[in-house]
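User: I'd like to go through this fold with you, a helix at a time. Could you take my questions as they come?

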Amino acid sequence: MGTRDSVWLHELTWPEVEEYLAGDRVAIVPIGATEQHGLAGVLGVDALVAITLAEDAAQRSGVLVTPPIWFGDSAHHSAFPGTITLRTETLSALVADVCRSLASHGFDRIILINGHKGSNLPGLVTAVRGLHERELGGVMFAVADPLHLARSAAGAIKETNEHHCGELELSHVHYRFPGMIRMDKLSDAEVDFDEVFGGFVGNDLFGPAPDGVEIMWSGAEQRAFAPTGQFSSSVGVTEAKGKRYHDHIVARLCELVDWMRSYDGPIGRQEQE
């Protein structure tokens, strides 16, 4: 860490960032959402997930983290008060501008951590794919999402199917932000996926999926089929589950940082214009 007291970019001076860039070029950008998470989960669950994963991975690996992006692509939750949503193209433009700024100073290994499992991915992937192809060929981008990073571990941790407001994501926040989850509001409420989605959408983000399709729904439609906003049971929330889930993802993120630092392959070799 050198003379730096924090991994957070906004807590450093510009000379401290310049000093960091003399020896490292990795930056992590945490991106979440401000949206309903049922009766037990606070609106900031997805942002808190991205923040804690980024901070802990950065502290362990010694890289820098940008200020978090608290808003995401959340239109499908918009019928619940407090939800703040960006259009997909707005999210893409915002993330692209953040990455352009980082690249202009010499960061050429950029990791986006998405705390809003799955839903932000279209905007994030569109942003960095276009940047890499057309503007920043010398920058290596990675989009990291618990939906994929925890796939090998989730099945052994959770006790039921995991979806929005489920036991894993709420356990995660309960572990890292004690008192944030309303433990007296945990519920076994769940959506009947077969009835609502005709068997074309799976009810477990970490389980076997049907031969299916993506089906879009609005905020008003979601409030009709999930009146509390909850998609799967949260009664199994525990600190221990949250710790196992968190530690697995952080370890994988640190492996990703190490790999990107030492990478000597064809990706990211193109000279920046």
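User: How many residues does H4 have, and what does it span from its first C-alpha to its last?

Analyst: Bearing in mind that this is a predicted model, H4 has 14 residues and reaches 20 Å between its first and last C-alpha atoms, which is close to the 20 Å expected at 1.5 Å a residue.

User: Which residues of H4 are buried, and what do they pack against?

Analyst: The buried residues of H4 are Leu121, Gly123, Leu124, Ala127, Val128, Gly130 and Leu131. They pack against strand S1 (26-31), H3, strand S3 (109-114), strand S4 (140-144) and helix H5 (146-149).

User: Let's stay with H3 for a moment; at what angle do H3 and H4 pack?

Analyst: Helix H3, residues 88-104, packs against helix H4, residues 121-134, at an angle of about 45 degrees, and their axes are 8 Å apart. The two helices are therefore oblique to each other, and their crossing is right-handed.

User: Which residues meet there, and how do they divide by type?

Analyst: On the H3 side they are Thr88, Leu91, Ser92, Val95, Ala96, Cys99 and Arg100, and these meet Gly123, Leu124, Thr126, Ala127, Val128 and Leu131 of H4. The residues of this contact of H3 with H4 divide into eight nonpolar, four polar and one charged.

User: What do its buried residues pack against?

Analyst: The buried residues of H10, among them Tyr245, His246, Ile249, Leu253 and Met260, pack against helix H2 (45-61), S3, S4, H5, H6 and H7.

User: And Met260, buried or exposed?

Analyst: Met260, which lies in helix H10 (residues 239-262), is buried, because its relative accessible area is 1% and the cut-off for buried is under 20%. Leaving out residues up to four places away in sequence, Met260 touches Arg109, Ile110, Ile111, Met140, Phe141 and Ala142. The C-alpha atoms of Met260 and Asp108 are separated by 9.8 Å, although the two residues are 152 apart along the chain.

User: How do H7 and H10 pack?

Analyst: H7 and H10 pack at an angle of about 95 degrees, with 7 Å between their axes, and that makes H7 roughly perpendicular to H10. The contact is made by Glu167, Leu168, Ser171, His172, His174, Tyr175 and Arg176 of H7 together with Glu239, Lys241, Gly242, Lys243, Tyr245, His246 and Asp247 of H10. The residues of this contact of H7 with H10 divide into three nonpolar, five polar and six charged.

User: What stands out about the phi of Cys165, and where is that residue found?

Analyst: Cys165 has a positive phi of about 70 degrees although it is not a glycine, whereas most residues other than glycine have a negative phi. Cys165 is found in the loop between helix H6 (151-157) and helix H7 (167-176), and at 1% relative accessibility Cys165 counts as buried.

Key: Residues numbered from 1 in each chain as written. Predicted model: local features only at pLDDT ≥ 70, side-chain atom pairs only at ≥ 80, totals over all residues. Heavy atoms only, no water. Axes fitted to C-alpha atoms, helices over the stretch in contact; angles between N-to-C directions. Helix = DSSP H or I, 4+ residues; strand = E, 2+ residues; numbered from the N terminus. Parallel < 35°, antiparallel > 145°, perpendicular 65-115°, else oblique. Left-handed = near helix turned anticlockwise from the far one by under 90°. Contact = heavy atoms within 4.5 Å. Nonpolar A, V, L, I, M, F, W, Y, C, P; charged D, E, K, R; others polar. Buried < 20%, exposed > 50% of the residue type's maximum accessible area, 1.4 Å probe, protein only. Expected span 1.5 Å × (residues − 1).
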